[in-house]
Amino acid sequence: MKSHTRVVVIGGGVVGCSVLYHLTKLGWSDVMLLERSELTSGSTWHAAGGFHTLNGDTNMAALQGYTIRLYKELEEITGMSCGLHHVGGVTIADTPERMDMLKAERAKHRHMGLDTTILSPEEIAKIAPATNVEGVLGGLYDPLDGHLDPSGTTHAYARAAKMGGAEIETHCMVKETNQLPDGTWEVVTDKGTVIAEHLVNAGGLWAREVGEMAGVYLPLHPMEHQYIVTDDIPLIYEADKEHPHVMDPGGESYLRQEGRGLCIGFYEQSCRPWAVDGTPWKFGHELLPDDFDKIEDSIEFAYKRFPSLAEVGVKSVIHGPFTFAPDGNPLVGPVPGKKNYWSACGVMAGFSQGGGVGLTLAQWMIEGEPERDVFAMDVARFGKWITPGYTLPKVIENYQNRFSVVYPNEELPAARPMNTTPMYDIQKEMGAVFGQQNGLEVANYFAQGDEVRFETPSFRRSNAFDATAREVKAVREAVGINEVQNFGKYDVKGPNARTWLDRIMAGRVPKIGRLSLTPMLAESGRLIGDFTMSCLAEDHFQLTASYGAQDFHTRWFEQHEEDDVSVTNISDRRTGFQIAGPNARKVLEAVTRADVSGEAFKFLDVKQITIGMSSCIVQRVSYTGDLGYEIYTDAMNQRALWNTLWNEGQKHGMKPFGMRAMMSLRLDKFFGSWLSEFSPDYTAGETGLDRFISFKKPDNFIGRAAAEKEKAEGSARTLVAFEVDATDCDVHAYEPVWINGEVQGFCTSGGYSHYAQKSIALALIPTALAGDGNEAEIEILGHMRKATQIVTPLFDADGARMRG
Ligand SMILES: Cc1cc2nc3c(=O)[nH]c(=O)nc-3n(C[C@H](O)[C@H](O)[C@H](O)COP(=O)(O)OP(=O)(O)OC[C@H]3O[C@@H](n4cnc5c(N)ncnc54)[C@H](O)[C@@H]3O)c2cc1C
């Protein structure tokens, strides 16, 4: 075994072997994998080997598509068989809501180039004769679905990696991982020590324990999972072709052919976490005892849906553990706060996702960034706040919901409330219906009178519609107040603060007392943040951005740190409110002795003033697009600030408003939001954020060359707004935009503008097709809706109120 290498990958399951292969594929050959037993010794060997593209997140679905297409390539390179069965698969729907979800998925697939089809019950019965279609409304067929041989596939990855120069050491247990002062890793094994520039944790079932060796907490947990294989079934072995996969979300089961019988697995409600206090090192190539009690209800349901199952015996039962993150997506990428430590863990569908995970990680390590937005599986999407106590109930909830309908407005109940602000009980008393963002309770809207304090999950307009309309009206006609807690906030200090910001942000760094909006770019020119930057003193700035991107942004700041600048995440320490609406200035004037008149406190000014008893930083800017102020203070002071603003506000018609109203208000101005319009999938030029880039500033900023190139050449696609002819359901995201009978683009987000009483969509379409009044159709839940491009904002088009 060699003593020095560029990369050590810990873990020889399907994920570790895929990472190893992709590192060699992208050009790094001095890489090695250490496996404590034989390859596949964790969850991999007993997997059912199924693969599919369906995933609520479009980028995850695209990576699953990549994984599936990769198997042929692996077979060709290695001459080994992955045991591929491309039999296709159908996901069935037995409720209108499930059918809505499948139609929404089908629509998304159109611009992703995935060739899925909606089938009628009769068509399902024909292609999947084991299915009793009674009560079935339809299904979604994907020809890419299938299954493979888990062990053969993992060994094919390993062989391909070796052919690219990688070394694999089996029966080599990693016992310690110590970071050396120069940032490299000392990997201590029972066969000796290796020094590696980079370390990849692909420890699967033991990823938590491997993480602990480096002082890293990875939020994942193993769950028990069971599938059964039946005796021979005549309907199956007499058929002239292999039976396709059938996913039955109503029965929480997946089914496929295995030999001459069937194989069926369940995501049962009475599920059980495994190894709560840690995965035993002695757990080897073994299974858990059969447990039919746990899946009794699921089996009963399956006997009705697939009657031939009831006619034969059980040949074998596979019951084993595998890991999940709280939201079911993998944990991939550089671990924040640990140089050269990479995660490839929490992969719950190794045969659908393993290839994409390997490719993403290898691109990140070798090229500096993955080619697409992978925030949905970025290990940095959870913050420092996450604990094992949160992870466990969330993982259980995720397992139970594996086949549930995923609604765009749904707020899941497990592990809540976790983090709350000092306003929580006051807002609750006022009727707040909360959602959770990055572990934080955030008011979505305020119910009144007998309105139920629960938003019905729906693809259509929900029961929050009237409350949202009320709150929007209060903002546009008087003044609204909501918290600014759910912004990520950073304090930037030091003699080099300005030069550092000039380099890291593409926009102009403001003068003292002013603020500016700025994109943050990767070298490739893709967006990795949209920030508000306020200059409090020559060497002191406040940055605000998305609350959910705290670790993602902090990791970037750390990767680009400079001497004599300190960047502190103060998201939970500095909080406060925004007030917005025509009466906002009257409220502010009444609660401070500072001059906040229109002349003294202009749009994009920032002031440090006292409000009531609270020392505040006030920014004259509002995401509502109205006359408004963001008022920040110390979290300990938030209630005092609330009392001051609220008491005075009552004289001016002040009402609280929540995130639902906020997202409607921003649509009036076509303002984009992080991870919808602004994400690492898009550039500043495409999304209009290039208007905030300072091409004149003398110093180089990250992404300058790419942004200048885009400016010179123009971008091929452009973010535009549509007014949509929709009556009961609005755009959420990724609906296809049809122009002249072809899918030409997709929606990034949308919703209902309560102010203008119009359904609005924001979408990326080819630049050549952008133009005021141009017509299109947007496919929402299977229906074509007429859509007309609009360029004039629906509210305050000339900005007179916002700037006045
Ligand atoms: C019953 C069942 C059915 C499933 N069916 C499917 C399916 O149909 N399709 C699908 O896509 N997925 C399925 N899965 C999930 C799939 O098994 C996992 O997604 C996949 O195996 C994860 O692979 P991994 O490489 O991340 O982890 P693992 O397979 O757990 O591999 C981790 C490896 O790391 C090694 N290791 C750990 N610590 C150390 C150390 N300190 N030193 C050296 N080596 C170490 C372990 O020995 C192990 O080999 C199923 C799982 C179960 C339990």
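Surface patches were defined as groups of residues with over 30% relative accessible area and no salt bridge, in which like charges are joined within 9 Å and nonpolar side chains (Val, Leu, Ile, Met, Phe, Trp, Tyr) within 5 Å. The structure is a predicted model, in which local features need pLDDT of at least 70 and side-chain atom pairs count only at pLDDT 80 or more, whereas totals for chains, interfaces and linings use all residues. Residues are numbered from 1 along each chain as its sequence is written, and side-chain values use heavy atoms, with hydrogens and water left out.

A negative surface patch is formed by Asp 293, Glu 296, Asp 297 and Glu 300. In this assignment Asp and Glu count as negative and Lys and Arg as positive, while His and the chain ends are not counted; the place of a charge is taken as NZ of Lys, CZ of Arg, CG of Asp or CD of Glu. Accessible areas were computed by the Shrake-Rupley method with a 1.4 Å probe, and for residues only the protein chains shown count as cover. Glu 296 belongs to helix H8 (residues 296-305), where helices (H or I, at least four residues) and strands (E, at least two) are DSSP runs numbered from the N terminus. With a relative accessible area of 46%, Glu 296 is partly exposed; buried denotes under 20% relative accessible area, exposed over 50%, and partly exposed the range in between (1.4 Å probe, protein chains only).

Salt bridges (a side-chain nitrogen of Lys or Arg within 4 Å of a carboxyl oxygen of Asp or Glu) number 47 in the structure. One of them joins the side chains of Glu 779 and Arg 110 at 2.6 Å, N to O. Glu 779 lies in strand E36 (residues 775-780) and Arg 110 in helix H3 (residues 96-112), so this pair ties together parts that are 669 residues apart in sequence. Glu 779 is buried at 4% relative accessibility, whereas Arg 110 is partly exposed at 28%.

A salt bridge also connects Lys 394 with Glu 397 (2.9 Å, N to O). These residues are 3 apart in helix H10 (residues 388-400), and about one helical turn therefore separates Lys 394 from Glu 397. Both Lys 394 and Glu 397 are buried. In a further salt bridge, the closest N and O atoms of Arg 639 and Asp 425 are 3.1 Å apart. This pair links distant parts of the chain, with Arg 639 in helix H16 (residues 638-649) and Asp 425 in helix H11 (residues 424-429), 214 residues apart. Arg 639 is partly exposed at 36% relative accessibility, as is Asp 425 at 42%. A network of salt bridges links Glu 224, Glu 268, Arg 272, Asp 291 and Lys 294.

Thr 154, in helix H5 (residues 150-163), is buried with a relative accessible area of 0%. Its contacts (heavy atoms within 4.5 Å), not counting residues up to four places away in sequence, include Gly 12, Gly 13, Cys 17 and Phe 351. Thr 91, in strand E4 (residues 89-93), is buried at 9%.

Backbone geometry was also considered. A cis peptide bond, with omega about -10°, joins Arg 416 and Pro 417, and Pro 417 lies in the loop between H10 and H11. Although not a glycine, Tyr 734 has a positive phi of about 70°; Tyr 734 counts as buried at 19% relative accessibility.
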